[in-house]
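Have the sequence and the 3D view open side by side.

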Amino acid sequence: MPAVDPDFDHLVYATADLAATVRRFAELTGITPAEGGRHVGRGTRNFLAGLGGRRYLEIIGPDPDQPTRTRAPRPFGIDDLSTTALVTWAVRATDLEERVSKARTAGYDPGSIGLLSRRTPAGDLLQWRLTTPASGDRQGIVPFLIDWGTTTHPADANLPAVDLTSLIATHPDPAAAESRLAALGVTLPVRPGAEESLTATLQTPHGWVTLT
């Protein structure tokens, strides 16, 4: 199977019904994701599963305890989802400004760099910086960049885990997608397809599981 990019950080699995998706993931894989925390003011919360090494899966959806939020819409197109979907992925970049500058020079603008945070169920504060395109939409096969700085990486929290064995993409114009990926210095196999999508293959206690 195709190798996963060495700077791969995490997958974003978005859903309109977080509790149901966590239950379904546990049924499929045999492992129950751990609660990550709430994104206060953004109307979301997440659950996490390790993917081997310093990599993880983020299952993210609406937080029922945040009926109102200060920012809208929710990230990753969650408000418009009709089905659970692997919407995008993140690549680690400790040299965030340099990577953004190089990408822009190569013809792709990853967007501005912003700061986000959340608290774990134990009350620990996690902070990270990440890129957000000018459109504000971080969906798609081209990843966003993330820098965890000095904060504890989520995958270091002894998460219940499965193994990520491959990550591939489809796109109506593979050459155009590959150009943007190359500008970021990212490796991802892209195959021709009618729609832009990601497919991850996991090795789990219940056998092979595919997420799309």
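**Charged pairs, rings and cores**

At 11% relative accessibility, Asp147 counts as buried (buried is under 20% relative accessible area, exposed is over 50%, and partly exposed is in between, with a 1.4 Å probe and protein chains only). Before going on, some ground rules: this is a predicted model, where local features need pLDDT of at least 70 and side-chain atom pairs count only at pLDDT 80 or more, while totals for chains, interfaces and linings use all residues. Residues are numbered from 1 along each chain as its sequence is written, and side-chain values use heavy atoms, with hydrogens and water left out.

So what does Asp147 pair with? Its salt-bridge partner is Arg129, and the closest N and O atoms are 3.4 Å apart (a salt bridge is a side-chain nitrogen of Lys or Arg within 4 Å of a carboxyl oxygen of Asp or Glu). This pair links distant parts of the chain: Arg129 sits in strand S7 (residues 125-132) and Asp147 in strand S8 (residues 144-147), 18 residues apart. Helices (H or I, at least four residues) and strands (E, at least two) are DSSP runs, numbered from the N terminus. Arg129 is partly exposed, with a relative accessible area of 24%.

In total, the structure holds eleven salt bridges. Another one joins Asp9 and Arg92, with 3.1 Å between the closest N and O atoms. Here, too, distant parts of the chain are linked: Asp9 belongs to strand S1 (residues 8-14) and Arg92 to strand S5 (residues 85-92), 83 residues apart. Asp9 is buried, with a relative accessible area of 0%, whereas Arg92 is partly exposed at 21%. Asp79 and Arg74 also meet through their side chains, at 2.6 Å from N to O.

Now for the rings. Phe, Tyr and Trp rings (for Trp, the six-membered one) pair if their centres lie within 6.5 Å; planes under 30 degrees apart count as stacked, over 60 as edge-to-face and the rest as tilted. By this rule there are three aromatic pairs. One of them is Phe76 with Phe144, a tilted pair at 6.2 Å centre to centre and 35° between the planes. Phe76 lies in the loop between strand S4 (56-62) and S5, and Phe144 in strand S8, so the pair ties together parts that are 68 residues apart in sequence. Phe76 is buried at 7% relative accessible area, and Phe144 is buried at 5%. Trp128 and Trp148 make a tilted pair as well, 5.2 Å centre to centre with 45° between the planes. Trp128 is in strand S7 and Trp148 in the loop between S8 and strand S9 (163-171), so this pair ties together parts 20 residues apart in sequence. Trp128 is buried, with a relative accessible area of 8%, and Trp148 is buried, also with 8%.

In soluble globular proteins, nonpolar side chains tend to be buried together. A nonpolar core is a set of buried Ala, Val, Leu, Ile, Met, Phe, Trp, Tyr and Cys residues joined through side-chain atoms within 4.5 Å. The largest one here has 40 residues, and Leu11, Leu57 and Trp89 touch the most other members. Helix H3 (residues 174-184) gives the most to this core, with four residues. Apart from it lies another core of 20 residues, among them Phe76, Ile78, Trp128 and Trp148.

Take a closer look at Leu11. Leaving out residues up to four places away in sequence, Leu11 touches residues including Leu51, Leu57, Trp89, Leu164 and Ala200 (contact means heavy atoms within 4.5 Å).

Back to H3. Which of its residues are buried? In H3 they are Pro174, Ala177, Leu181, Ala183 and Leu184. The buried residues of H3 pack against helix H2 (96-105), S8, S9 and strand S10 (190-192). After H3 comes Gly185, whose phi is positive, near 75°.
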